[in-house]
Amino acid sequence: MYYHCDRCGKKFKYELALIPVMGDAFGRCPVCGTPGVYERDGARIVNDTEYEEVDDD
């Protein structure tokens, strides 16, 4: 799932498999913690490298 942050401008992505692991933190910006603005999900997009992959660390 692809997101961007309206607060700091960060682009990031989450794998759907992380929903049960991350709970309420899923979809939040990894930099500032603000809920991300959903862009899209599905197959990887052309500009995929612009989005930071968020993991459960």
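Two strands are taken to pair if DSSP finds at least two bridges between them, and strands themselves are DSSP runs of E with at least two residues, helices being runs of H or I with at least four residues, all numbered from the N terminus. The structure is a predicted model, in which local features need pLDDT of at least 70 and side-chain atom pairs count only at pLDDT 80 or more, whereas totals for chains, interfaces and linings use all residues. Residues are numbered from 1 along each chain as its sequence is written, and side-chain values use heavy atoms, with hydrogens and water left out.

Under these criteria, strand S1 (residues 2–4) and S2 pair in the antiparallel sense over three bridges, and Tyr3 has Phe12 in S2 as its bridge partner. The sheet as a whole is open and is formed by four strands in the order S3-S1-S2-S4, with mixed pairing. Because S3 and S4 stand at the edges with a single partner strand each, one side of each is left without a neighbour in the sheet.

Along its principal axes, the C-alpha trace spans about 30 × 25 × 20 Å.

Accessible areas were computed by the Shrake-Rupley method with a 1.4 Å probe, and for residues only the protein chains shown count as cover. The protein chain exposes about 3800 Å², of which carbon and sulfur atoms supply 50%. With buried defined as under 20% relative accessible area, exposed as over 50% and partly exposed as in between, buried residues make up 28% of the 57 residues in the protein chain. When contact is defined by heavy atoms within 4.5 Å, residues 24 or more positions apart account for 56% of the contacts with a separation of 6 or more.

Lys13 lies in strand S2 (residues 11–13), while Asp48 lies in the loop between S3 and S4, and their side chains are joined by a polar contact of 2.6 Å. Lys13 is buried, with a relative accessible area of 8%, and Asp48 is likewise buried, with a relative accessible area of 11%. Leaving aside neighbours within four places in sequence, Asp48 is in contact with Tyr2 and Lys13, and the contacts of Lys13, counted in the same way, include Met1, Tyr2, Arg44 and Tyr51.

Aromatic rings were examined next. Rings of Phe, Tyr and Trp (its six-membered ring) pair if their centres lie within 6.5 Å, and planes under 30 degrees apart count as stacked, over 60 as edge-to-face and the rest as tilted. By this rule the count comes to seven aromatic pairs. The rings of Tyr2 and Tyr51 have their centres 5.0 Å apart and their planes at 80 degrees, so this pair is edge-to-face. The pair links distant parts of the chain, with Tyr2 in strand S1 and Tyr51 in the loop between S3 and S4, 49 residues apart, and both Tyr2 and Tyr51 are buried. The rings of Phe12 and Tyr14, with centres 6.0 Å apart and planes at 80 degrees, also form an edge-to-face pair, and Phe12 and Tyr14 are both buried.

Two loop residues complete the description. Cys8, placed in the loop between S1 and S2, counts as partly exposed at 39% relative accessibility. Not counting residues up to four places away in sequence, Cys8 touches Cys29, Val31 and Cys32, and the C-alpha atoms of Cys8 and Cys29, 21 residues apart along the chain, are separated by 8.7 Å. Asp41 is located in the loop between strand S3 (37–40) and strand S4 (52–53) and counts as partly exposed at 35% relative accessibility. The C-alpha atoms of Asp41 and Met1 are separated by 4.2 Å, although these residues are 40 residues apart along the chain.

Methods: Buried means under 20% relative accessible area, exposed over 50%, partly exposed in between (1.4 Å probe, protein chains only). A polar contact is a pair of N or O atoms within 3.5 Å; within protein, one must be able to donate a hydrogen and the other to accept it, and residues adjacent in sequence count only if both atoms are side-chain atoms.
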